[in-house]
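Notebook open, model on the screen. I'm jotting down what I looked up, one entry at a time.

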Amino acid sequence: RLERSRRPPAGPPRAAPLVASERGAAMAMPVDEQEAKRRKVDEAAAETKEESAKELEGDAPADKRAKLSETIGFNLRDCTLNVIPMHGGRVLAPLSDGGLQYLVGGARANTGVKSGRYCFEAKIIELMNPSEPAQATRGAVPQPRQMLKVGFATQDSSLFLGETSDSICFDSEGMFVSETKREAKGDRFSRDQTVALVLNLDQSSPNKNTVSLFKEGQRCSPPQPLPECLVGKPLFPVVNFKNITLQVHFGPAPMTPLPFVCRGFQDAAKDDSVVVPLEKGQDGKYEVVLPVGLPDEGTFEWLDDFLAKNPRYTELSDRSIIKWAESSGMQRAVSTSWKHSNDKPDVKFNIPMMDDWSVRRVLNSVIATQPRNYVVMEVKANLCESERAETLKRFNFPFYKKVAKVTVGDPPADFTANVQEALLKQKQEEVDAEWSKRQAEKERKKLAEAKLKELNEARQKAKAEIDAAVKEEPKPDVEMKSEAAAEDGAEKKEEVKEEEKAAVKEEPEDEKKAEEEDEPKPVATLTDEEKALRFRKQSVPDLTSWVLGTQFTKFSLPQASEGFDEVNYTWSKEADCEAYFKAWMLKQKVLNRIEELQPGEWFKAKLPEWHRTLAEWHQKQADWKDPLKEAQRKAAKEAAEAARKAAEEAQKEAQKAEAAPAEAGAAPGEGEQPADGEAAPAADEAKPKEEAAPVAAAPAVEKPVDAFTVADILDIGDGEPLFAKFSFEDWALLTLRFELFLLVHSYSKDANDPERVGIHESNVAFYYNKYFRKAFSVKYFGMETVTQVVDMVKDAVKLTKDTGVLATDLAEDASMDMFVKLTEDRRRVRQQAIDSGDETVRLKFNPTPEAPPAPSLQDASGFGCKGGQKGGYGAARPGTMVPPPPQQSWYAGGKGGPYGGYGGKGAIVGGGAPRQGSQVCRQWLSGNCQYGTRCRYAHT
């Protein structure tokens with residue numbers, strides 16, 4: 001037993017020891033999982049060894065057919081951008097700088113076979129260990145660091161083995177990949193080990209349509225069948241590798257002899273081979289295509305269609321780099337950043353050299369040295385003349401033909417048809433998802449009802465068993481008669497209940513049959529509006545709003561004078577493209593913002609003047625509404641009224657005195673004395689009423705009805721200002737009128753571009769913030785959109801119907817008094833409507849409540865036993881401090897802050913109604929004070 005325990009385990013020899021990076025990756029794996037994986041691979045290798053004890057393949061017979069004359073190698077078109085073929089294509093080396101160390105390199109041979117049995121070999125001759133940045137997230141770096149895959153694929157399949165069902169492969173981890181499924185079917189292999197892959201397409205062989213792996217001349221796997229999708233198609237050798245230098249050998253004879261005679265790909269018969277020639281342009285040059293299209297107008301859709309029709313072109317874009325990284329096993333989070341766009345995606349791989357786009361820098365320096373057909377897809381760069389020049393400079397070689405393809409204007413019918421088809425497909429997917437959701441809900445309800453029914457039946461069955469057991473029990477003779485009668489009654493009742501239940505059951509069965517009728521799968525259709533669309537709206541824009549707003553003024557159409565060999569207008573003629581482009585530029589000048597715009601001198605002079613004038617008006621209104629001054633005015637008015645009445649009385653007395661002598665000698669009749677006992681008539685009664693001339697009261701001064709006829713808004717009579725009745729909402733609308741008026745004229749002066757006709761509705765908040773340094777909130781005015789807010793002051797500013805920009809009919813030198821008159825006029829109209837019972841015109845603003853003043857010590861009902869009694873409101877910017885809740889009257893003690901602070905031990909917060917100050921509350925004047933009796937300002 002001791003001797004047997006010392007013997008080495010039976011089975012194939014193990015692979016070479018792991019390098020440092022492989023050991024690090026293995027150490028990161030749990031021990032149990034690592035051992036289980038090794039055991040699984042070793043068991044598969046042992047099984048393969050046992051099965052290969054008798055070789056399944058025989059020697060290749062002599063073949064006198066014509067041999068392949070072309071040298072097998074790798075066309076650059078069929079290699080990823082990080083693969084450098086050397087020594088006539090026999091050695092492949094990867095680029096590993098600037099993040100390329102994380103990307104898998106792929107290469108497909110230029111020759112495949114469609115019949116016969118042939119092999120090729122691969123050998124790792126160097127392992128690379130690029131340095132890893134310290135900031136890289138451990139789980140984000142794809143493992144293993146060094147990797148090799150050998151396999152076969154079709155001519156037009158992906159260069160990445162195992163990504164689609166059009167390829168099969170073995171990898172250096174001992175796994176076999178077929179139809180994207182990964183299984184342990186082989187053995188590991190590492191540096192200095194030669195692996196051979198045998199493809200058997202000989203239909204006369206018992207192992208036809210299979211592939212086998214050999215390591216150092218020994219079989220590592222039984223013949224693995226080809227997927228059905230690959231049977232009957234020409235298959236090409238493909239290798240994938242990362243951080244290794246690879247030698248690829250196609251024959252004619254293998255480097256390491258196999259257990260049987262097998263020809264290499266280079267020794268294949270010409271009839272069994274398919275050779276892919278090296279493609280060039282008509283004049284023997286490679287093409288560099290620069291698509292020039294407008295953002296969000298079919299740029300990437302055109303590119304996808306172009307690549308589908310021209311698969312021999314290589315795409316150069318950030319999008320292609322991201323796809324390459326994902327095919328290399330890297331994961332990225334879905335970006336929601338404002339910097340994310342189709343042209344320049346904001347990726348987060350959590351790998352520094354991938355996130356900073358070092359890959360793009362390295363590729364831009366080497367791609368021109370790899371002759372092939374390129375499509376340089378850069379939306380912004382291809383629209384800017386200076387950046388187009390930089391791109392053409394990189395490809396300034398005689399074997400390149402530089403072509404600009406302008407995709408501007410109305411797209412052709414086939415492009416529009418593809419857009420409609422994509423829209424319909426997207427809509428159908430949404431409809432199918434909703435239909436599947438409804439079906440799942442119905443199935444869930446159906447299962448719940450069935451379960452409930454089973455439960456009810458079980459309950460009824462149990463109850464019936466209990467009742468039957470009770471009936472079977474012996475009963476006394478005395479109770480037999482009464483119970484028999486009760487049972488007869490109970491049986492009748494049960495019969496009635498059963499009949500009712502049967503009737504109830506019959507009804508829902510019919511309903512269920514109607515419900516159980518399968519809902520047909522809906523078919524989506526496009527609306528007339530969707531059918532009119534020429535471009536499909538994407539969830540992610542081609543350019544961010546900031547990039548478009550700052551760069552679109554530099555956009556231009558390409559010209560042959562820039563260095564292009566050809567400028568092709570693929571959608572419309574040159575004249576039509578230029579007209580379309582000009583109209584698009586004018587539209588962008590309206591829709592897009594000027595990010596670098598700054599307020600000019602005219603605005604800087606007008607705004608302080610407005611602030612001073614507005615403060616004077618507020619003070620004037622406060623003085624007019626001051627209770628003390630109002631009492632003084634009332635007393636003066638009463639005194640004036642009393643003086644007027646006294647003057648009238650004095651005038652009447654004087655008139656009576658003048659009329660008394662004339663009336664004294666007059667008799668009641670002509671020459672007759674009054675009878676005894678009769679009093680002489682009074683002088684006023686003796687004189688006819690028509691002859692009496694009482695002095696009329698002086699008419700009161702009438703205030704003008706029309707606000708626009710007021711000469712002085714500060715005094716419309718008795719010192720009353722025109723804005724005396726302004727509430728909080730009126731002042732807010734007055735300020736809004738003037739600020740939007742000022743914004744319209746300032747933008748026109750500062751933009752200094754006649755083609756920028758004004759501020760678009762979508763940009764009002766942006767420019768308002770840039771000029772006035774405060775937010776433009778439509779919720780503040782109780783509205784939902786900018787259009788509704790502007791409509792409130794349409795007598796001063798408005799949105800034009802054709803372009804939707806802010807405009808005003810007032811001249812830039814309009815008096816500030818005019819805005820008061822406009823506001824007062826609208827206030828009177830609104831008040832008349834409210835008085836007539838129309839409450840819909842009442843303004844419902846959402847103002848920020850003012851903070852109450854700092855309380856004094858006597859204003860609180862309690863004191864802190866220990867701890868400070870100061871504090872209250874500290875310094876804060878006006879209009880930004882939110883007051884304490886109404887249920888708390890004040891914060892006592894402690895250090896000062898926005899609201900002071902809590903005192904030490906024993907501090908009491910609030911407790912009683914505070915004493916109101918002498919200053920009148922503005923919110924109470926407008927009817928919006930939310931503090932009620934707890935307000936610090938006076939409500940009288």
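**Entry 1: a strand pair.** I started with strand E9 (residues 175-178) and E10, which pair in the antiparallel sense over four bridges. Strands here are DSSP runs of at least two residues (E), helices are runs of at least four (H or I), and both are numbered from the N terminus. Two strands pair if DSSP finds at least two bridges between them. I looked up Val177 too: its bridge partner in E10 is Arg182.

Note on the source: this is a predicted model, where local features need pLDDT of at least 70 and side-chain atom pairs count only at pLDDT 80 or more, while totals for chains, interfaces and linings use all residues. Residues are numbered from 1 along each chain as its sequence is written, and side-chain values use heavy atoms, with hydrogens and water left out.

**Entry 2: the parallel sheet.** Next I checked an open sheet of five strands, E19-E20-E18-E21-E22, and its pairing is parallel. Which strands stand at the edges? I found strand E19 (313-316) and strand E22 (566-569) there, each with a single partner strand, so one side of each has no neighbour in the sheet. Strand E21 (residues 400-407) is joined to E22 by four bridges, and Val406 has Tyr569 in E22 as its bridge partner.

**Entry 3: Glu315.** This residue lies in strand E19. Is Glu315 buried or exposed? I noted it as buried, because its relative accessibility is 11% (buried means under 20% relative accessible area, exposed over 50%, partly exposed in between, with a 1.4 Å probe and protein chains only). Setting aside neighbours within four places in sequence, I see Glu315 in contact (heavy atoms within 4.5 Å) with Leu303, Leu307, Ser320 and Val375. Val376 is 61 residues away from Glu315 in sequence, yet their C-alpha atoms are 6.3 Å apart.

**Entry 4: two helices.** Last, I looked at helix H18 (residues 728-751) and helix H21 (residues 817-835), whose axes come within 9 Å and cross at roughly 135°. Axes are lines fitted to C-alpha atoms, for helices over the stretch in contact, and angles run from 0 to 180 degrees between N-to-C directions. Among the residues that meet are Leu733 and Phe738 in H18, and Phe819 and Arg826 in H21.
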